[in-house]
Amino acid sequence: MTSQPAAEHAATTEDFAHNLDAVQSKIEAAALAAGRPVDSVRLLPVTKTIPSERLRLAIAAGVTTLGENKVQEAQAKSEELADLPDLRYAIIGPLQRNKAKFVARFAHEFHALDSLRLAETLQRQLEDQDRSLEVYIQVNTSGEDTKSGLQASEVAELAQAIEPLDRLVLRGLMTMATNTTDEQVIRGCFRELRQCAEQVRQKVSHPELFTELSMGMSGDFELAIAEGATVVRVGQGIFGARQHPPRNNA
Ligand SMILES: *Cc1c(COP(=O)(O)O)cnc(C)c1O
């Protein structure tokens with residue numbers, strides 16, 4: 001898309017440390033360029049498709065949270081990596097209600113909440129597990145049918161409807177930008193998410209918790225930071241290209 005090609009295939013802990021450093025430096029530079037504190041943006045490594053044995057090297061290099069888009073894959077990793085009790089799991093892809101029980105068992109964050117029914121199912125399962133979950137409402141800012149998420153105009157209603165669900169901690173909003181090389185279009189998606197969050201923040205009971213904007217991936221995280229991202233979800237920029245390298249699409 002824009003500036004970040006996939007990293008070279010990382011094979012050792014040193015390779016991962018190098019790639020993490022490189023992405024972290026770009027995050028800090030983008031924050032500074034936007035007049036923001038360097039520690040105002042969290043790097044969420046996206047580990048989908050990366051097998052647990054390779055992940056152990058990345059974890060040794062400093063990865064503490066695994067971003068996964070498929071619940072079953074994340075669940076398998078949580079079992080394979082059960083000897084690492086401090087590891088956190090963030091589910092970043094759409095979730096079917098019949099899989100909510102798995103998320104309730106091991107996940108710490110869920111970035112793709114898009115319905116009250118799903119929220120209610122998560123609440124019940126979390127009660128059973130005596131756990132809580134940080135959630136982000138996903139917003140479709142691209143208008144693309146292939147992307148999930150609510151329209152911006154629908155977000156406040158869901159944010160208010162889930163307030164009685166005490167096992168869900170609403171932390172903010174998440175979006176994926178349009179798949180294009182046009183930076184103005186990409187930035188427009190991120191700006192829409194920030195403006196949506198500003199509106200919603202005035203309507204929630206706990207605005208002090210509703211602080212996060214999860215937006216930006218390997219190809220566009222610097223643009224997202226310029227528009228206010230507080231969490232960037234980066235996979236290929238750390239782990240190397242997945243199967244068919246999208247190489248910038250340009
Ligand atoms: C895969 C994925 C990412 C990361 O994409 P990269 O191109 O690997 O950085 C971010 N967000 C979501 C929701 C994803 O599914």
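Welcome! Begin by selecting Arg131, which touches Val103, Ala104, Arg105, Phe106, Ala107, His108, Leu126 and Arg167, leaving aside residues up to four places away in sequence. Keep in mind as you look around that this is a predicted model.

Where does Arg131 sit? Colour helix H5 (116-129) and strand E5 (133-138), and you will find Arg131 in the loop between them. Now show its side chain and follow it to Arg105: the side chain of Arg131 reaches the backbone oxygen of Arg105 at 3.5 Å. Arg131 and Arg167 are 36 residues apart in sequence, yet their C-alpha atoms are 6.9 Å apart in space.

**Next stop: two helices**

Select helix H1 (residues 13-33) together with helix H2 (residues 52-60). Their axes come within 8 Å and cross at roughly 60°. H1 and H2 are therefore oblique to each other, and their crossing is right-handed. Which residues make the contact? On H1, show Thr13, Phe16 and Leu20; on H2, show Arg54, Leu57, Ala58 and Ala60. Colour these residues of the H1 and H2 contact by type, and they divide into 5 nonpolar, 1 polar and 1 charged.

**Last stop: the ligand**

Finally, centre the view on the ligand. How many residues surround it? There are 13, and the closest are Lys48, Ser218, Arg233, Gln236 and Arg242. Three of these names are worth a click:

- Lys48: an N or O atom in its side chain is 2.7 Å from an oxygen atom of the ligand.
- Arg233: a polar side-chain atom lies 2.9 Å from a nitrogen atom of the ligand.
- Gln236: here, look at the backbone, where an N or O atom lies 2.8 Å from an oxygen atom of the ligand.

Methods: Residues are numbered from 1 along each chain as its sequence is written. This is a predicted model: local features need pLDDT of at least 70, side-chain atom pairs count only at pLDDT 80 or more; totals for chains, interfaces and linings use all residues. Side-chain values use heavy atoms; hydrogens and water are left out. Axes are lines fitted to C-alpha atoms, for helices over the stretch in contact, and angles run from 0 to 180 degrees between N-to-C directions. Helices (H or I, at least four residues) and strands (E, at least two) are DSSP runs, numbered from the N terminus. Angles under 35 degrees count as roughly parallel, over 145 as roughly antiparallel, 65 to 115 as roughly perpendicular and the rest as oblique. A crossing is left-handed if the near helix is turned anticlockwise from the far one by less than a right angle, and right-handed if clockwise. Contact means heavy atoms within 4.5 Å. Ala, Val, Leu, Ile, Met, Phe, Trp, Tyr, Cys and Pro count as nonpolar, Asp, Glu, Lys and Arg as charged, and the others, Gly among them, as polar. A residue is near a molecule or strand if one of its heavy atoms lies within 4 Å of it. A polar contact is a pair of N or O atoms within 3.5 Å; within protein, one must be able to donate a hydrogen and the other to accept it, and residues adjacent in sequence count only if both atoms are side-chain atoms.
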